[in-house]
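Please open the model alongside this note and follow the points in order. Each one takes up a single topic.

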Amino acid sequence: MNLTLKVWRQSGPTDAGRMVTYKVEDVSPDMSFLEMLDVLNERLIVEGDDPVAFDHDCREGICGMCGMVINGVAHGEQRATTTCQLHMRHFEDGATITIEPWRAAPFPVVKDLVVDRSAFDRIIQAGGFVSVPAGSAPDAHSVPVRKEDADSAFDAATCIGCGACVAACPNGSASLFTAAKITHLSLLPQGQPERLTRAKAMVDQMDAEGFGGCTNTGECTAVCPKGIPLDTIARMNSDYLQANKK
Amino acid sequence: MASSNGKKAVMAVTGAVMVGFLLLHMLGNLKIFLGRESFNEYAHALRTLLEPIAPYRSVLTVLEIILVVSVVLHMWAAISLARRARQARPVKYVAKKSQAGGYATHIMRFGGLTIALYVVWHLLDLTFGVVNPKGFDSAPADRMIAGFDPSRWWVTLIYLVAVVMVGLHLRHGVWSAFQTLGWANRARYKALRATASLVSAVLVVGFLAPPLAITFGVVK
């Protein structure tokens, strides 16, 4: 496959940045999107150019490091897929592909396609944990949890914190991420004592980081590589409003 | 109330007040099909609600104040959330493709602005009679029937566009309010969206029936 890439290049946080066009030849349809970028980077290094910087780690779709906006869609148009698990067979030979970093004020560009997602860490630090000393893991079924709750909590817990929800949201909101973290703890018995204070602390931190408000567009769920459902946001809203009543 | 979630809750609650108003307003409008007398009587009854316990026009004035406060708060929350959203994405995407269907969802802000402009026109036309051929000192039914006269077909057209905008606004707004207040979940989404579509459809049909009937000469 031969491709034309239009890639966002930005040498550092203070650089204005620009789109640069590259031709990539002899791409195998079996390559992942990141492997295709590796091919480009190997050539750039040989030619003495600066390789395109992008985040990646496990390349198995479970770590949440990779992520870029491909042809206007976070992680590309393949649903429920991280960029590393997106394969070139989903593109047509001769296609032009636009590649941009996540765009949000709380996610400043570090270099090229790498953004600083520390804002997510600070949201977690604000309350995304259970602070009661729970001891070692309890015996199975010693604390009963409804099957439905266990399933919903697990659905929410699959969030890998990649930030695609923020990238896709027209408001630059981090609601799906924050709601996933709130839901996965608030549905389980261990998360109950801090349920309301947690929601309040995490939502307030989300605001403090400069993320936008949620307008329930559903863009986040649509691009989420883990398919985190939109009703996690309703649960977050419910917990947050209750916390503010007290 | 200052947080983004708080502002969303303000939008949901004030939106619900406005939807309630719209449903009653629409039912009242339909009285025109029962004749000018019936419509004028209804307009008069609004002013004498709870008389003689409450003085003339007192209940209506209270309702009007609640409505105006709701409109102002709804607009305040919308504007500050829109501003926040703009600040959250200072650098725009070169390419951006929407992945969630829903035309109505993407025109909420534009639609809200259109509706606000229309409400100004609507008040000048049928409430204060400034741009109405019958003027202020006339019976409500006369203003309505003269206002949508076939010669003023463009007025009917303005109403048509505005009411459809209201319908689209509510198709997203109604279910979105439930989500914002935390009353939605995956089992209820289908029913909530259906309710939103139903409310929108009923309001659009109910609000468009009188002006269209007058313009096409069904109601004289």
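**Notes on the two chains**

1. Start at one residue pair. A:Val7 has A:Val20 as its bridge partner in S2(A). This is a predicted model: local features need pLDDT of at least 70, side-chain atom pairs count only at pLDDT 80 or more, and totals for chains, interfaces and linings use all residues. Residues are numbered from 1 along each chain as its sequence is written, while chains are lettered from A and ligands numbered from 1 in the order in which they are written.

2. Two terms come first. Helices (H or I, at least four residues) and strands (E, at least two) are DSSP runs, numbered from the N terminus. Two strands pair if DSSP finds at least two bridges between them. Strands of a sheet pair through backbone hydrogen bonds, either parallel or antiparallel.

3. Now the sheet. In which order do the five strands of the open sheet in chain A lie? The order is S2-S1-S5-S3-S4, with mixed pairing. Strand S2 (18-24) and strand S4 (73-74) of chain A are the edge strands, and each pairs on one side only.

4. Look at S1(A) and its pairings. S1(A) and S2(A) pair in the antiparallel sense, over seven bridges. A:Leu3 stands opposite A:Val24 in S2(A). Strand S1 (residues 3-9) of chain A also pairs with strand S5 (residues 96-100) of chain A, in the parallel sense and over four bridges. Here A:Val7 stands opposite A:Ile99 in S5(A). A:Thr4 stands opposite A:Thr96 in S5(A).

5. Next comes S3(A). Strand S3 (residues 69-70) of chain A runs antiparallel to S5(A), and two bridges join them. The bridge partner of A:Val69 in S5(A) is A:Glu100.

6. Helix H1 (residues 33-46) of chain A lies across S1, S2 and S3 of chain A, and runs at about 90 degrees to S2(A). Axes are lines fitted to C-alpha atoms, for helices over the stretch in contact, and angles run from 0 to 180 degrees between N-to-C directions.

7. Chain A has two domains, domain 1 (3-110) and domain 2 (117-245). Such bounds come from an automatic or database domain assignment. The C-alpha centres of domain 1 and domain 2 of chain A lie 28 Å apart. The contact takes 18 residues from domain 1 of chain A and 17 residues from domain 2 of chain A. Residues are in contact if their C-beta atoms, placed from the backbone, lie within 7 Å. On the side of domain 1 of chain A that touches domain 2 of chain A, there are 11 nonpolar, six polar and one charged residues. Ala, Val, Leu, Ile, Met, Phe, Trp, Tyr, Cys and Pro count as nonpolar, Asp, Glu, Lys and Arg as charged, and the others, Gly among them, as polar.

8. Check a helix pair in chain A. Helix H3 (residues 147-157) and helix H5 (residues 175-186) of chain A pack at an angle of about 145 degrees, with axes 8 Å apart. A:Ser152, A:Ala153, A:Ala156 and A:Ala157 in H3(A) meet A:Ala180, A:Thr183 and A:His184 in H5(A). By class, this contact of H3(A) with H5(A) has four nonpolar, three polar and no charged residues.

9. One backbone angle in chain A deserves a look. A:Asp112 is not a glycine, yet has a positive phi of about 45 degrees. A:Asp112 lies in the loop between strand S6 (109-111) and strand S7 (114-115) of chain A.

10. Turn to chain B. How many helices and strands does chain B have? Chain B has eight helices and zero strands. Its C-alpha trace spans about 55 × 45 × 35 Å along its principal axes. A cis peptide bond joins B:Glu51 and B:Pro52, with omega about 5 degrees. B:Pro52 is in the loop between helix H2 (36-47) and H3 of chain B.

11. Finally, the two chains meet. In this contact, 33 residues of chain B touch 38 residues of chain A. Helix H1 (4-29), helix H3 (58-88) and helix H7 (153-180) of chain B are the elements that give two or more residues to the chain B side. That side has 13 nonpolar, 13 polar and seven charged residues.

Methods
Contact = placed C-beta atoms within 7 Å.
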